[in-house]
Amino acid sequence: MLAQLGAGRNDALTPLYQHYGGRVRQYAFSRLGNLEDANEVTDDTFMFIAQAPERFDYSGKFLTFLIGITKNKCLDMHRRRERHQKLSDAVSAATVTVEAATNDLLDALEAEERSSMMRDCIAKLPPSQKEALLLVINFGYAMQEIADAQDCPQGTVKSRLAHARQKVTECVKRKLEGGTDE
Amino acid sequence: MSKQTSTTKAESMDVERLPFLRNGTLPQEAAAALEDRIERSDELQQIDRFDAHIAEALEHDPVAKVTEEDIQRIQQRAAMLVRPATEPKHSQSSAVGWLDWLTGSFAVPRLAVAGLVAVVGVQATLLFWSGSGNSPSTEQPVYRGAAQPVLMGELLRVVPADTVSVLALTDLLRKESVAIVSGPDESGAYLIRVPETANEQIVMQRLQETGVMISIERVQ
């Protein structure tokens, strides 16, 4: 498809978008927290590929290449809108204990309701933690790949993931107990 | 002392590694050791169970679903794109295979163009045969592969997917009465000969339709 794009076949973009578009948007959404912005960044990412498919040099994973572009597009959007997010990550890894009862209650829910609840809690995470979670769980990144993507040491990645899990656990528990999750 | 604060450093490391065990990026030895410890630790089991719920939620995230509206939007933008034709860079690495196979493209630029020309040639010929008379859009500069006259008994160069065994390939070609002349070469390509009694275009189309050929091209 990249060869076809390089040869001027713009319609070759469609199957690429169908295959990777969802994950790119999910990643953009995790960084921007706004679906409209995520859509714009996703489309811009694929238009960039369409305009310059030769930028992919086949030395790494195509998804990693795509996510790298998406990340830059997200940063551009931040700059354009003059948003400055201060990311705070504790250096020490958080400890977390998940009670069996929490898992049992989650299992008892319908899959759709359970996923929706989890996503609500994930959406409340700071962008860097959400991004780390997405990269490891959905995109299959190794520890060092996440560290490279986030420009931070591996220890920070571990910390972000641990904090993310801890916060999601606490949020879910509050929801299951019928309380507010704010 | 609570259970949470009694977590040892080793256990803490295990917790950190759980997501990487789940996504398959943990080295094999470390993964086996961790799986063993999970079996013996109720705490790790519960965290892993919770991680599965997180994974499920992310996997079924509606944001990650590409809709028809998305496709239409990107197609409209792509249709307006004007860009001089260039060919992407390629390394000699075999690492390109998965992407090109996935997207139905080809690993080597010359093959990509030749393969495209072959496919377009078949399509153009079929259009001609069907009497539709429709020519491809002039906005698509790549449609430069006009249908070649059908030549009988020609040699074809085919590159099967690397998942196809020689036996399976031989069987496949035998069904089309096509013989392997030589191969595979360094790039995994075979030279095959279409018998004079067969229609080369149809053979090429059938081979394309098997879904196991990365490229099919005529040998000049």
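## Helices in chain A, a sheet in chain B

From the N terminus on, the elements of chain A run α-α-α-α-α-α-α-α-α. That is nine helices and zero strands. Helices (H or I, at least four residues) and strands (E, at least two) are DSSP runs, numbered from the N terminus.

This is a predicted model, where local features need pLDDT of at least 70 and side-chain atom pairs count only at pLDDT 80 or more, while totals for chains, interfaces and linings use all residues. Residues are numbered from 1 along each chain as its sequence is written, chains are lettered from A and ligands numbered from 1 in the order in which they are written, and side-chain values use heavy atoms, with hydrogens and water left out.

**Chain A.** Of its 182 residues, 57% count as buried. Buried means under 20% relative accessible area, exposed over 50%, and partly exposed in between (1.4 Å probe, protein chains only). Contacts are heavy atoms within 4.5 Å. Among contacts in chain A between residues at least 6 apart in sequence, 68% join residues at least 24 apart. The chain exposes about 7600 Å², and carbon and sulfur atoms supply 47% of that area. Areas come from the Shrake-Rupley method with a 1.4 Å probe; for residues, only the protein chains shown count as cover.

One loop residue deserves a look. Asp151(A) lies between helix H8 (143-150) and helix H9 (154-176) of chain A. Its phi is near 50°, a positive value in a residue other than glycine. Asp151(A) has 64% relative accessibility, so it counts as exposed.

**Chain B.** Here four strands form an open sheet in the order E2-E3-E1-E4, with antiparallel pairing. The edge strands are E2 (179-182) and E4 of chain B; each pairs on one side only. The twist averages 35° from one strand to the next. Two strands pair if DSSP finds at least two bridges between them.

| Strand pair | Bridges | Direction |
|---|---|---|
| E1(B) and E3(B) | four bridges | antiparallel |
| E1(B) and E4(B) | five bridges | antiparallel |
| E2(B) and E3(B) | three bridges | antiparallel |

Val158(B) stands opposite Tyr190(B) in E3(B). Val159(B) stands opposite Ser215(B) in E4(B). Ser182(B) has Leu191(B) in E3(B) as its bridge partner.

Strand E1 (residues 155-160) of chain B has five of its six residues buried, so it is largely enclosed by the rest of the structure. Helix H8 (residues 200-209) of chain B lies across E1, E3 and E4 of that chain, running at about 165° to E4(B). Axes are lines fitted to C-alpha atoms, for helices over the stretch in contact, and angles run from 0 to 180 degrees between N-to-C directions.
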